[in-house]
Amino acid sequence: MPKKYEIVHKKVLTPEISSISVYAPLIAKKAQPGQFIILRDNTEGERIPLTISSHTKDLVTVVFQKAGASTIDLDQLQEGDCLADFVGPLGKPTPIKKYTGRVAVLGGGLGCAIALPVAKALHEAGNQVDLIGGFKTKHLVILEDDMKAASTNLYICTDDGTYGTHGFVTDKLEDLIKEGNQYDHVFAIGPLIMMKFAAKLTEKYNIPTTVSMSPLMIDGTGMCGGCRLTVGGEIKFACVDGPDFDGHTVDFDEAIARNRSYKLFEDKEREEHLCRLTGGVRHA
């Protein structure tokens, strides 16, 4: 039997994105689409919030990008290694129900790993699900087969046109709407700028829209206030009030500005950390 919080499976999805399946049966038993965990790779490590991509009876799978020092360290762990902490499930589950018509689920980049369980649950509830996954280029496409199995129709978009439809997920959604597809609800999960423009588009067509917000987060219990957002003119905390919110009421400009607060620090920390790991040798 695996040890507590042992990495049972690890898969490299792209040079920058990996998935790990962690032995955490108590969390797996309770996990629902849209919820997240917070982990630490070691007792001195930073708390990293990651949305649950999938789960089985005993295993919880999360997908992460090597975006900073902590996720670079996390990626150094291999199958058989154990995490120091793995807490969850946290946050409110995405509301899943049977709609009368169609639903669209939009995923942007790494957000496709979060969109996947939402689309799967909606599909299993009997909905016609159009899943639109957006990536910068062909070699960054992840989880295509899983997304295809979790939807009625899968559309892959790439910014540079190297695979699937050339353009953004919002362009594809509007094309589908103009073709006569009527959507009862849209779920948008990905970069803030993508969700902002998805919400602007669906507001134009009067389609209710849910977005999944992942601002800076520390404790995940609503105590620190780091993940605060303005939604409908009120302060909300993504960790306990979300992560799902009505996309037409989120102040995206404020969220984007706050998300950039530590960008220079994070870039510097990542660069220095990579230098320490490689002995000063930079890899392309």
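A nonpolar core is a set of buried Ala, Val, Leu, Ile, Met, Phe, Trp, Tyr and Cys residues joined through side-chain atoms within 4.5 Å. The exercises below concern a predicted model.

**Exercise 1.** Determine which residues of the largest nonpolar core touch the most other members, and which element gives the most to this core.

*Solution.* 
1. The largest nonpolar core has 34 residues.
2. Within this core, the most other members are touched by Leu106, Leu173, Tyr183, Met195, Met213 and Phe252.
3. Elements that each supply at least two residues include the strands β3 (36-40), β7 (102-108), β11 (183-189) and β13 (228-231).
4. A separate second core holds 24 residues, among them Ala113, Ala115, Leu122 and Phe135.

**Exercise 2.** List the residues in contact with Phe252, leaving aside its neighbours within four places in sequence.

*Solution.* 

**Exercise 3.** Find the aromatic pair in the whole structure, classify its geometry and state which parts it ties together.

*Solution.* 
1. Searching the whole structure gives one aromatic pair, formed by Tyr5 and Phe86.
2. The ring centres are 6.0 Å apart, and the planes make an angle of 45°.
3. Planes under 30 degrees apart would count as stacked and over 60 as edge-to-face, so this pair is tilted.
4. Tyr5 lies in the segment before β1 (7-12) and Phe86 in strand β6 (residues 85-90), so the pair links parts 81 residues apart in sequence.
5. Tyr5 counts as buried at 17% relative accessibility, and Phe86 is buried at 1%.

Note on methods
Residues numbered from 1 in each chain as written. Predicted model: local features only at pLDDT ≥ 70, side-chain atom pairs only at ≥ 80, totals over all residues. Heavy atoms only, no water. Phe/Tyr/Trp six-rings, centres within 6.5 Å; stacked < 30°, edge-to-face > 60°. Helix = DSSP H or I, 4+ residues; strand = E, 2+ residues; numbered from the N terminus. Buried < 20%, exposed > 50% of the residue type's maximum accessible area, 1.4 Å probe, protein only. Contact = heavy atoms within 4.5 Å.
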